[in-house]
Amino acid sequence: MHIEKNKIAQYNSALSKQHQQRFKFLSGEIDNVEAVLQKLRRFQIAIPSWALGSGGTRFGRFSIGGEPRNLEEKIQDLGLLHALSKNSGAISLHIPWDIPENTKHIKKLTAELDLKFDAMNSNTFQDQPNQKLSYKFGSMQHVNKAVRKQAVEHNKDVIKYGIELGSKSLTVWLSDGSCFPGQLNFRNAFQNTLESLREVYAALPKDWKLFVEYKAFEPNFYSTTVGDWGQSLLYANKLGEKAYTLVDLGHHLPNANIEQIVSLLLMEGKLGGFHFNDSKYGDDDLTVGSIKPYQLFLIFNELVEGMDAKKMDHAKELAWMIDASHNVKDPLEDLLQSIEAIMIAYAQALLVDRRKLTEAQNNNDVVLAQEILQSSFRTDVRALVAEARLKNGGALDPINVFRKEKVRKNLIKQRGFKNVATGL
Ligand SMILES: [Mn+2]
């Protein structure tokens, strides 16, 4: 489904007067409003190809209807999302769930919808039909060299698909680990994984990056072989300059100080990308900003501070992606909410008065430091984010357009109610 530009403009004009009032008031409070708007307009978040259908838990899965039946339909959904939000101009593919059959056609379609290919994702956390050896006891860590080799070859294949599509990075998330004490020799598991990753690293083109994603637990519940940022950083440092750590918000133990982690990874030049989601308990994969918006702001505060310290381009140098699951919401509406939450946190972080904050830190003025951060966090920046979207040709109120245009109803009519998106 496609929503014409002039249709979006019609919805915008109905909201224009109210928006202009709000934006005018807000821009009066911001010193460098044009520079902030420019940054917001350039910021693009990738959507993974597995995020467009209903997600599930190990207990069940409830279809929303009208889910994309193939890669082409997923790209169409992403095109619609980007037309409304203008901040989601990239797709992150999962292999083998979304193997492009006709690369030329897929590339043409994505270009028409103004979408780019972000990081490729490999999968050695489940067995595929016709797969020779099982990953039940791990993939790159496996005690059997033949299993490790199979996992390495799969990653090399994913790189090949990525090269054809114009991607520049590979994200490796391993579920490798153990469920019970004594199951695994930790050192051997680490060394085997490192050796496997080295082979994948050697297959990377010159201008590619390798992201090593970590996760504290699940599906293994006693140990995980890439379990935290320390382990990921060890691999990245040993692999070389094209290897980076990837931080997924939900992949930490409860109460971890994620803003400190990103700050130090940036300092080391080893932060490669970020997966956004939110959680109350563990890796809940909830809508970004739905549970802990202050944490999200504090993370963005460190990201902006750290990237600026290294003179990095916010929009280009790190891989930004939403990695959430949609169990009870329409996936497209959920993604629109997540994009909005990310943009709000980013905008608030851009408003932080860095000079005053540094001064407060140097004076040990704890109260003032908190006041400075919370003053930005408590600023209602929605009109600023909406203005950036408007200037990019997007919708002032994306969810309103989505609902008024009855997108889901139309998709169900087109695709049926009972279909399940590939890969889920
Ligand atoms: Mn992730």
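Colleague: At what angle do α10 and α13 pack, and how far apart are their axes?

Modeller: This is a predicted model, in which local features need pLDDT of at least 70, side-chain atom pairs count only at pLDDT 80 or more, and totals for chains, interfaces and linings use all residues. Residues are numbered from 1 along each chain as its sequence is written. Helix α10 (residues 331-351) and helix α13 (residues 382-391) pack at about 110 degrees, with their axes 9 Å apart.

Colleague: Why are α10 and α13 called roughly perpendicular?

Modeller: Angles of 65 to 115 degrees count as roughly perpendicular, under 35 as roughly parallel, over 145 as roughly antiparallel and the rest as oblique. The angle here is about 110 degrees, and α10 and α13 are therefore roughly perpendicular.

Colleague: Which residues make that contact, and what is its make-up by class?

Modeller: Taking contact as C-beta atoms, placed from the backbone, within 7 Å, E340, M343, I344 and A347 in α10 meet R382, L384 and V385 in α13. The residues of this contact divide into five nonpolar, no polar and two charged.

Colleague: What makes α6 and α7 oblique?

Modeller: Helix α6 (residues 186-202) and helix α7 (residues 229-239) pack at about 50 degrees, with axes 10 Å apart, and α6 and α7 are therefore oblique to each other. Their contact is made by L194, L197, R198 and Y201 of α6 with Y235, K238 and L239 of α7.

Colleague: Which residues does A347 touch, beyond those up to four places away in sequence?

Modeller: A347 touches V36, L40, V381, L384 and V385.

Terms used
Contact = placed C-beta atoms within 7 Å. Axes fitted to C-alpha atoms, helices over the stretch in contact; angles between N-to-C directions. Helix = DSSP H or I, 4+ residues; strand = E, 2+ residues; numbered from the N terminus. Nonpolar A, V, L, I, M, F, W, Y, C, P; charged D, E, K, R; others polar.
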